[in-house]
Amino acid sequence: MKYYLGIDIGGTNVKAGVVDENAKLLAHSSVKTESAGGYQSSLENIFKAADTALELSGIDIDKIKSIGVGCPGTMDAAAGVVVYSNNLHWDNVPLGKDIAAKYDKKVYLENDANAAAYGEYIAGAAKGAKNAVVLTLGTGVGAGIIVDGKIYSGSNFAGGEIGHTVIEIDGWECTCGRKGCFEAYASATGLIRMTAEMIKERPKTRLKELAELGGKISARTAFNAAKLGDDDGTEVVKKYIKYLACGIANTINIFQPDVLCIGGGVCNEGDNLLNPLKKEIAKQIYTKNSEKNTEIVMCALANEAGMIGSAMLGRTETGTLGSAILETTGAIGSTIGNTLLGKNKSNEKGATKNEK
């Protein structure tokens with residue numbers, strides 16, 4: 001049996017898990033990222049999460065074939081460098097190299113949304129699909145694209161930023177600097193803003209009562225109000241779903257995937273979200289009259305997707321689009337980049353290895 005270590009780095013928590021060759025998560029741990037303390041502080045927490053997961057699994061590091069890392073931002077996978085991560089406040093940090101130096105293992109570095117999408121493709125709701133898109137509705141809107149079974153990340157490692165396509169010209173300002181981004185409206189943050197604006201406009205609404213009861217406005221406030229028959233809550237939910245459907249329809253029109261999976265905290269609403277969303281999307285997609293259309297489903301792996309997807313980046317049976325190997329020798333090291341496109345073993349996405 002082969003074993004892999006998957007690390008999923010988020011703005012709040014770092015999760016690490018040991019995964020076997022069948023994509024089964026054997027053990028995992030989670031610690032605070034503490035990105036405000038700087039890169040080195042976060043790196044120590046990454047090591048702590050990884051070491052704890054290994055200890056809980058009972059699998060020695062010598063038995064780990066490779067390490068996969070999902071990280072928010074733009075990756076230069078071949079160099080083992082996080083080029084830029086707005087969420088973590090990192091700029092050109094050698095994350096892949098540092099992890100390789102710590103564990104003396106080949107390290108695969110990937111965008112966190114891509115890693116989560118790969119997890120759903122390997123072992124979750126997109127399993128068996130040839131082409132898939134996975135959207136995560138959280139603080140922002142993450143997106144991972146699978147084309148012919150391989151992660152698509154573009155020519156500059158920044159492909160798939162579906163959340164930063166505009167669905168409302170001159171709309172709300174997004175954290176990326178544009179106005180009217182899909183992320184600004186379809187994220188949990190966007191839903192909270194819509195709810196807050198409704199409460200401000202109609203202060204006697206039941207929405208305010210529910211928000212005060214819960215201690216704050218959350219992504220669930222409007223849905224909870226709608227379930228109670230509140231007109232204002234229902235209005236917010238309908239508005240949110242319309243924006244979400246617009247962005248998803250755009251995505252389907254571009255990629256026409258076999259399946260599109262949605263995940264994140266907002267999806268805890270289940271059918272209250274999915275059923276009206278599907279109806280709205282059906283009105284907007286270009287292929288509405290086609291016999292075959294994209295299947296829209298909820299993600300299946302929840303918080304495990306990033307760990308499983310990251311770990312499986314090194315599995316020899318699978319591949320990633322535009323993959324490359326980078327080997328480093330010594331603490332600083334020399335580099336050798338070998339493009340793997342067109343080879344049977346083109347699975348090794350941006351691997352880095354430290355050889356002592």
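**Notes on the model**

1. The second largest cavity holds about 30 Å³ of space. A cavity here is a set of points, on a 1 Å grid over the protein atoms alone, where a 1.4 Å probe fits but cannot get out. Grid points are joined across faces, edges and corners, and the volume is the space filled by probe spheres set on the points. The structure has two cavities of 30 Å³ or more.

2. Please keep the basis of these values in mind. This is a predicted model, in which local features need pLDDT of at least 70 and side-chain atom pairs count only at pLDDT 80 or more, while totals for chains, interfaces and linings use all residues. Residues are numbered from 1 along each chain as its sequence is written, and side-chain values use heavy atoms, with hydrogens and water left out.

3. Which residues line the second largest cavity? They are G73, N111, N114, S153, F157, A158, G159 and E161, where a lining residue has an atom within 4 Å of a point. By class the lining has two nonpolar, five polar and one charged residues. In this scheme Ala, Val, Leu, Ile, Met, Phe, Trp, Tyr, Cys and Pro count as nonpolar, Asp, Glu, Lys and Arg as charged, and the others, Gly among them, as polar.

4. On the overall make-up, the protein chain has 10 helices and 16 strands. These are DSSP runs numbered from the N terminus (helices H or I, at least four residues; strands E, at least two). Of the 356 residues in the protein chain, 52% are buried. Buried means under 20% relative accessible area, exposed over 50%, and partly exposed in between (1.4 Å probe, protein chains only). Among contacts with a separation of 6 or more, 64% join residues 24 or more positions apart; a contact means heavy atoms within 4.5 Å.

5. The largest nonpolar core has 46 residues, and L135, F182, Y240, L244, I248, I262 and L273 have the most contacts inside it. Helix α8 (residues 231-255) gives the largest share of this core, 10 residues. Another core lies apart from it, with 32 residues that include Y3, L5, I67 and L88. A nonpolar core is a set of buried Ala, Val, Leu, Ile, Met, Phe, Trp, Tyr and Cys residues joined through side-chain atoms within 4.5 Å.

6. Neighbours within four places in sequence aside, I262 touches L135, I248, C267, L273, L274, L277, V297, M298 and C299.

7. There are 10 salt bridges in the structure, each defined as a side-chain nitrogen of Lys or Arg within 4 Å of a carboxyl oxygen of Asp or Glu. D8 pairs with K15 at 3.5 Å, N to O, and D8 is buried at 12% relative accessibility. E197 and R193 also form a salt bridge, at 3.5 Å, N to O. These two are four residues apart in helix α5 (residues 188-201), so about one helical turn separates them. E197 is partly exposed at 36% relative accessibility, and R193 is partly exposed with a relative accessible area of 36%.

8. What does the salt bridge between E269 and R220 tie together? The closest N and O atoms of this pair are 3.4 Å apart. E269 is in the loop between β12 (259-263) and α9 (271-284), and R220 is in the loop between α6 (206-214) and α7 (221-227), so the pair ties together parts 49 residues apart in sequence. E269 is buried, with a relative accessible area of 6%, whereas R220 is partly exposed at 41%.

9. Two backbone angles deserve a look. Most residues other than glycine have a negative phi. Q256, which is not a glycine, has a positive phi near 45°; Q256 is in the loop between α8 and β12 and is partly exposed, with a relative accessible area of 32%. A302 is not a glycine either, and its phi is positive at about 50°. A302 sits in the loop between β13 (295-298) and α10 (305-312) and is exposed at 60% relative accessibility.

10. Is S35 buried or exposed? S35 belongs to the loop between β3 (25-32) and α1 (39-57), and at 12% relative accessibility S35 counts as buried. Apart from neighbours within four places in sequence, S35 is in contact with G11, S42, N87 and L88.

Note on methods. On a 1 Å grid over the protein atoms alone, a cavity is a set of points where a 1.4 Å probe fits but cannot get out, and a pocket is an open set with protein on both sides within 12 Å along at least five of seven lines; lining residues have an atom within 4 Å of a point.
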